[in-house]
Amino acid sequence: MTTDLTRSTAAELADLLAQGSVSARDVARAHLDRTAAVDGDVHSYLHVDAEGALAQADAVDRRRAAGEPLHALAGVPIAVKDVMTTRGLPTTCGSRILQGWVPPYDATLVTRLRGAGMPILGKTNMDEFAMGSSTEHSAYGPSRNPWDLERIPGGSGGGSSSVVASFQAPLAIGTDTGGSIRQPAAVTGTVGTKPTYGGVSRYGLVALASSLDQAGPCTRTVLDAALLHELIGGHDPMDSTSIDAPVPPVVEAARRADVAGLRIGIVRELTGEGFQAGVQARFDEAVQHLVDAGAEVVEVSCPSFTYALAAYYLILPSEASSNLAKFDAMRYGLRVAPEGVDEPSAEQVMAATRDAGFGDEVKRRIILGTYALSSGYYDAYYGSAQKVRRLIADDFTRAFETADVLVSPTAPTTAFRFGDKLDDPMAMYLNDIATIPANLAGIPGMSVPSGLAEEDGLPAGFQILAPAMQDHRLYAVGAALEARLTAAWGGALLDRAPALATTKEA
Ligand code: GLN
């Protein structure tokens with residue numbers, strides 16, 4: 001047992017809490033103290049709710065003392081990406097346009113966290129409206145990578161990856177529209193799962209692209225991800241795209257970690273050229289570990305993946321331009337009066353507010369999406385992208401005939417430096433080359449750490465993909481790999497993060 005509660009996994013904390021060795025208040029307090037010490041450097045949070053978290057922790061302690069039956073994760077604290085609505089807690093989506101907005105309702109998954117007695121520590125930073133791969137598009141300044149504070153923690157959910165990587169929370173919620181759970185996990189040496197589309201309710205997830213968005217766990221271990229996935233997953237009548245079926249047996253799969261006889265498909269289009277040498281090397285080793293654990297390797301080809309990025313950057317902006325139309329200065333957050341106009345019209349207020357409230361990347365995508373959906377171009381752009389989307393789903397269907405799971409590096413490179421890709425949207429978009437196909441097809445995906453790239457000493461990610469509603473396969477493979485790699489490293493990868501050692505003393 002570790003004495004520093006912030007170093008414990010969620011599963012370990014759950015055990016300590018159940019045994020009565022620690023109180024939920026102690027656990028929440030330890031994490032809040034850690035935040036006070038390090039978040040000035042890391043900037044994972046947009047809002048910390050110390051008072052609320054401690055009150056929720058006290059409530060759990062009282063219920064436990066009274067002998068009430070409690071959820072296994074009761075008293076384990078969590079951080080939530082600022083794109084999920086939280087009643088009474090600010091929700092900004094990393095945007096100025098929602099500054100000061102306090103939602104009157106909880107997202108379904110937040111209701112489930114609260115119902116399980118999990119104290120909510122705060123809301124994590126993100127690229128504005130989840131558009132980006134670095135958190136540099138947050139209107140409130142970027143989050144930093146605990147491995148190197150001069151580098152990005154991934155995006156859009158860099159707040160949720162860095163909050164667990166810097167031991168400020170054992171668990172966090174992220175959302176993944178094109179990779180925003182998996183890519184941040186990859187570059188911070190943490191674990192992230194994007195569940196099957198419809199597997200976790202989107203009610204209260206402020207929509208970026210409704211047909212792609214999916215919330216999921218950001219954690220330090222595969223088992224922790226499974227425990228959280230099991231809680232937040234499952235049918236919700238408030239979300240019309242929610243799947244009415246039991247949550248796949250993710251916890252059991254994570255505990256068994258059995259890959260004997262499993263066919264692992266290496267996606268030819270997602271390896272080799274364009275991938276950093278050290279990222280590719282860690283990927284190859286990880287595959288060998290899975291073979292040693294009894295898995296079989298096959299090579300698969302998904303030729304339509306070449307067009308995935310292009311299709312995504314038409315479908316996403318199209319949906320986003322429509323979803324973001326609701327920020328009209330009348331209903332939420334910011335309202336700006338146009339300068340030099342005595343009695344401005346509603347349209348003038350709307351234009352001034354959107355001009356001041358949205359950042360450049362959001363404006364870029366609204367313009368792109370509006371264009372792609374305009375009557376003269378609808379078929380040429382949006383229509384063609386939807387056809388490509390079908391071809392990508394067909395590629396997956398074919399690949400899953402010969403493989404039980406597909407694997408690739410999660411992101412082409414390790415964490416890059418701030419500013420490196422900010423002025424080049426295409427370079428930023430290319431980060432998601434390996435993660436986007438899963439969103440277009442609605443299938444589940446996970447990123448687990450595969451080790452450190454020798455050229456820069458930074459973490460690389462290993463991506464696992466499975467057919468829809470076979471999320472448990474991700475956990476079997478992820479846990480098997482984690483067990484072998486942790487043994488090979490002689491401990492968890494995060495124990496080697498150099499920046500963490502400095503900030504720990506702070
Ligand atoms: N980086 C991708 C984008 O900018 C993915 C975003 C996400 O998954 N929310 O769209």
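User: Let's start with A257: does A257 count as buried, exposed or partly exposed?
Analyst: A257 has a relative accessibility of 25%, so A257 counts as partly exposed. The cut-offs are under 20% relative accessible area for buried, over 50% for exposed and partly exposed in between, with a 1.4 Å probe and protein chains only.

User: And where does A257 lie?
Analyst: A257 is in the loop between helix 8 (250–256) and strand 7 (263–267). Helices (H or I, at least four residues) and strands (E, at least two) are DSSP runs, numbered from the N terminus. The phi of A257 is near 50°, a positive value in a residue other than glycine.

User: What should I keep in mind about the source?
Analyst: This is a predicted model, where local features need pLDDT of at least 70 and side-chain atom pairs count only at pLDDT 80 or more, while totals for chains, interfaces and linings use all residues. Residues are numbered from 1 along each chain as its sequence is written, and side-chain values use heavy atoms, with hydrogens and water left out.

User: OK, zoom out. How many helices and strands does the protein chain have?
Analyst: The protein chain has 17 helices and 11 strands. Its radius of gyration is 22 Å, close to the 23 Å that the globule rule gives for 506 residues, so the chain is as compact as a globular protein of that length. That radius is taken over C-alpha atoms, and the rule is 2.2 Å times the number of residues to the power 0.38. Along the principal axes, the C-alpha atoms fill a box of roughly 65 × 55 × 45 Å.

User: What about burial and contacts over the chain?
Analyst: Of the 506 residues, 61% count as buried. Among contacts (heavy atoms within 4.5 Å) with a separation of 6 or more, 76% come from residues 24 or more positions apart.

User: How many positive and negative side chains are there?
Analyst: There are 41 positive and 60 negative ones, and the centres of the two sets lie 3 Å apart. Lys and Arg count as positive, Asp and Glu as negative, and His and the chain ends are not counted. Each charge is placed at NZ of Lys, CZ of Arg, CG of Asp or CD of Glu.

User: New topic: how many aromatic pairs does the structure hold?
Analyst: It holds 14. Rings of Phe, Tyr and Trp (its six-membered ring) pair if their centres lie within 6.5 Å; planes under 30 degrees apart are stacked, over 60 edge-to-face and the rest tilted. F129 and F327 have ring centres 5.1 Å apart and planes at 40°, so that pair is tilted.

User: Which parts does the F129 and F327 pair tie together?
Analyst: F129 is in the loop between strand 3 (120–124) and helix 5 (158–165), and F327 is in the loop between helix 10 (308–323) and helix 11 (346–357), so the pair ties together parts 198 residues apart in sequence. F129 and F327 are both buried. For Y312 and Y313, the centres are 4.8 Å apart and the planes at 80°, so this pair is edge-to-face. Y312 and Y313 are buried too.

User: Which residues form the aromatic cluster?
Analyst: W101, F129, F327, Y332 and F358 form one cluster.

User: Back to the loop between strand 3 and helix 5. What else is in there?
Analyst: T135 is in that loop, and its phi is near 65°, positive in a residue other than glycine. With 0% relative accessibility, T135 counts as buried. S156 sits in the loop as well, and the peptide bond from G155 to S156 is cis, with omega near 0°. For background, most residues other than glycine have a negative phi, and most peptide bonds are trans.

User: Then why is helix 5 described as largely enclosed?
Analyst: Eight of the eight residues of helix 5 are buried, so the rest of the structure largely encloses it. Just after helix 5, F167 takes a positive phi of about 60°.

User: Last one: which residues does S304 touch?
Analyst: Leaving out residues up to four places away in sequence, S304 touches L391, I392 and D395. S304 and I392 are 88 residues apart in sequence but 5.5 Å apart in space, C-alpha to C-alpha. S304 lies in the loop between strand 8 (296–300) and helix 10, and at 11% relative accessibility S304 counts as buried.
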